[in-house]
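Dear colleague,

Please find the structure below, together with its sequence. My notes on it follow directly after.

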Amino acid sequence: MQQEQLEMQLNRSHRQEVSGLKNKLETLKVELDEARLSEKQLKQKLDHQEEVLTRKSEELWLMSGQRMGNSTSSEVLALQIELTQMEESLSSI
């Protein structure tokens, strides 16, 4: 009789542990999906910002070239530095 009760307790404990682990697994799957979506959105945003910076940099370069010959303005250099930093950020993701 006592052995049956112990077996029942062990089975109940085992079921609870399995159920808890399944719940944790589902929670982790949801968190992983959310992280992947967030990463994808951040990459898209970074790609867009990179395109905008590239266009702005080209515009500034053309404008500075018309105003000052072939010398590069500090604005263009700042944008090029920012573009390089964004590219490095994208590659590290």
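**Findings**

L42 counts as partly exposed, at 49% relative accessibility; by the convention used here, buried means under 20% relative accessible area, exposed means over 50%, and partly exposed lies in between, with a 1.4 Å probe and protein chains only. Please note that this is a predicted model, in which local features need pLDDT of at least 70 and side-chain atom pairs count only at pLDDT 80 or more, while totals for chains, interfaces and linings use all residues. Residues are numbered from 1 along each chain as its sequence is written, and side-chain values use heavy atoms, with hydrogens and water left out.

L42 is placed in helix α1, which covers residues 2-68. Helices are DSSP runs of H or I with at least four residues, and strands are runs of E with at least two, numbered from the N terminus. Although L42 and L90 are 48 residues apart along the chain, their C-alpha atoms are separated by 9.0 Å.

**Salt bridges**

Two salt bridges are present in the structure. The term denotes a side-chain nitrogen of Lys or Arg within 4 Å of a carboxyl oxygen of Asp or Glu.

- E26 and K29 pair through their side chains, with an N to O distance of 3.7 Å. Both residues belong to helix α1 and are three residues apart, about one turn of the helix. E26 is partly exposed, with a relative accessible area of 45%, and K29 is also partly exposed, at 43%.
- E39 and K43 form a salt bridge with an N to O distance of 3.5 Å. These two residues also lie in helix α1, four residues apart, about one turn of the helix. E39 is partly exposed at 32% relative accessibility, and K43 is partly exposed with a relative accessible area of 30%.

**Nonpolar core**

The largest nonpolar core consists of seven residues: L46, L53, L60, V76, L79, L83 and M86. Helices α1 and α2 (74-92) each supply at least two residues of this core, and the largest share, four residues, comes from α2. A nonpolar core is here a set of buried Ala, Val, Leu, Ile, Met, Phe, Trp, Tyr and Cys residues joined through side-chain atoms within 4.5 Å. In soluble globular proteins, nonpolar side chains tend to be buried together.

Yours sincerely
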